[in-house]
Amino acid sequence: VAVWKECEGIEPEEMIDLLVKFHLAAEVKTKEYHDSSVKQFFLPSILPAFTADYTSVPPGYHLRATSLHITFATGYVTPGYFARLIAIMAESPSCQIFFHKSTPVYHNKITFRFGDPPVDHVILTEMSPAVQVDVLRYVATGTIPMQ
C-alpha cells in the first residue's frame with residue numbers, strides 16, 4: 001500500500017497489468033484457493049529461495065524419467081528468465097501451482113500439477129547454469145513404480 005501512495009497517477013490495476021504482460025506475474029485460479037470475488041496473482045520473484053537438496057523426491061513419488069536440464073550458452077540462467085518461465089506456465093489452463101505445506105513454493109523452485117484431474121507433478125528448479133525439470137508420478141504404497 002505504501003508503494004502506491006508514492007506513485008501518484010499509477011493505478012494498482014495498471015501495474016499488475018504490466019507485470020502480467022511481461023510475464024513477471026500471473027493470474028492464478030487454483031481449485032483449493034480460488035475466490036471468484038477477487039483476482040489472485042502469483043509473483044515468483046518475491047518468494048524466498050530454495051537452498052536444500054535439489055535432487056530430493058517427496059515420499060510416495062517416483063521420477064518418471066531422468067531430469068531434463070535446460071542450459072544456456074552464457075554459463076548461467078539469464079536474470080529474470082526463471083520467473084518469467086514459471087509465470088507463463090502458471091497461466092496455462094492445464095497447469096496448476098502445487099500449494100501444499102509439504103512442498104513450499106520458492107522463487108527458484110516450484111511444483112506444478114498437470115491435467116484435470118492432475119496426474120503428474122512437474123518440478124522446475126533454477127540451478128545455475130541450468131533449469132532442471134523433473135516429472136514425478138505419485139505411486140501408492142505397495143504398487144510397482146512406473147518405469
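Let me begin with a term: a residue is called buried when its relative accessible area is under 20%, exposed when that value is over 50%, and partly exposed in between. With that in hand, we can look at glutamate 27, which has a relative accessible area of 30% and is therefore partly exposed. Please keep in mind throughout that what we have on the screen is a predicted model.

Glutamate 27 belongs to strand S1, which covers residues 26-27. If we leave aside residues up to four places away in sequence, glutamate 27 touches Lys39, Gln40, Phe41 and Ala90. For one of these, glutamine 40, we also have a distance: it is 13 residues away from glutamate 27 along the chain, and the two C-alpha atoms are separated by 5.7 Å.

Now let us step back to the whole chain. The chain has 147 residues, and 29% of them count as buried. Its accessible surface is about 9,500 Å², and 60% of that surface belongs to carbon and sulfur atoms. How many of the contacts between residues at least 6 apart in sequence join residues at least 24 apart? The share is 57%.

Leu18, Phe22 and Leu24 together make a nonpolar patch of about 270 Å². One of its members, leucine 18, lies in helix H2, residues 12-21, and leucine 18 counts as partly exposed because its relative accessibility is 44%. The other patch is one of negative charge, where Glu11, Glu13, Glu14 and Asp17 gather on the surface. Within this group, glutamate 11 is found in the loop between helix H1, residues 2-6, and H2, and with a relative accessible area of 45% it is partly exposed as well.

Next, let us compare two residues with opposite labels. Proline 93 is placed in the loop between helix H3, residues 81-91, and strand S5, residues 95-97. Proline 93 and valine 28 are 65 residues apart in sequence, and from C-alpha to C-alpha they are 9.4 Å apart in space.

Finally, I would like to show you isoleucine 70, which lies in strand S4, residues 68-71. Its relative accessibility is 28%, so isoleucine 70 counts as partly exposed. Which residues does isoleucine 70 touch, if we do not count those up to four places away in sequence? They are Pro129, Ala130, Val131 and Val133.

Note on methods
Residues numbered from 1 in each chain as written. Predicted model: local features only at pLDDT ≥ 70, side-chain atom pairs only at ≥ 80, totals over all residues. Heavy atoms only, no water. Patch = residues over 30% accessible without salt bridge, like charges linked within 9 Å, V, L, I, M, F, W, Y side chains within 5 Å. Areas by Shrake-Rupley, 256 points an atom, 1.4 Å probe, with all protein chains shown as cover. Salt bridge = Lys/Arg side-chain N within 4 Å of Asp/Glu carboxyl O. Helix = DSSP H or I, 4+ residues; strand = E, 2+ residues; numbered from the N terminus. Buried < 20%, exposed > 50% of the residue type's maximum accessible area, 1.4 Å probe, protein only. Contact = heavy atoms within 4.5 Å. Lys, Arg positive; Asp, Glu negative; His and termini not counted. Charge placed at Lys NZ, Arg CZ, Asp CG, Glu CD.
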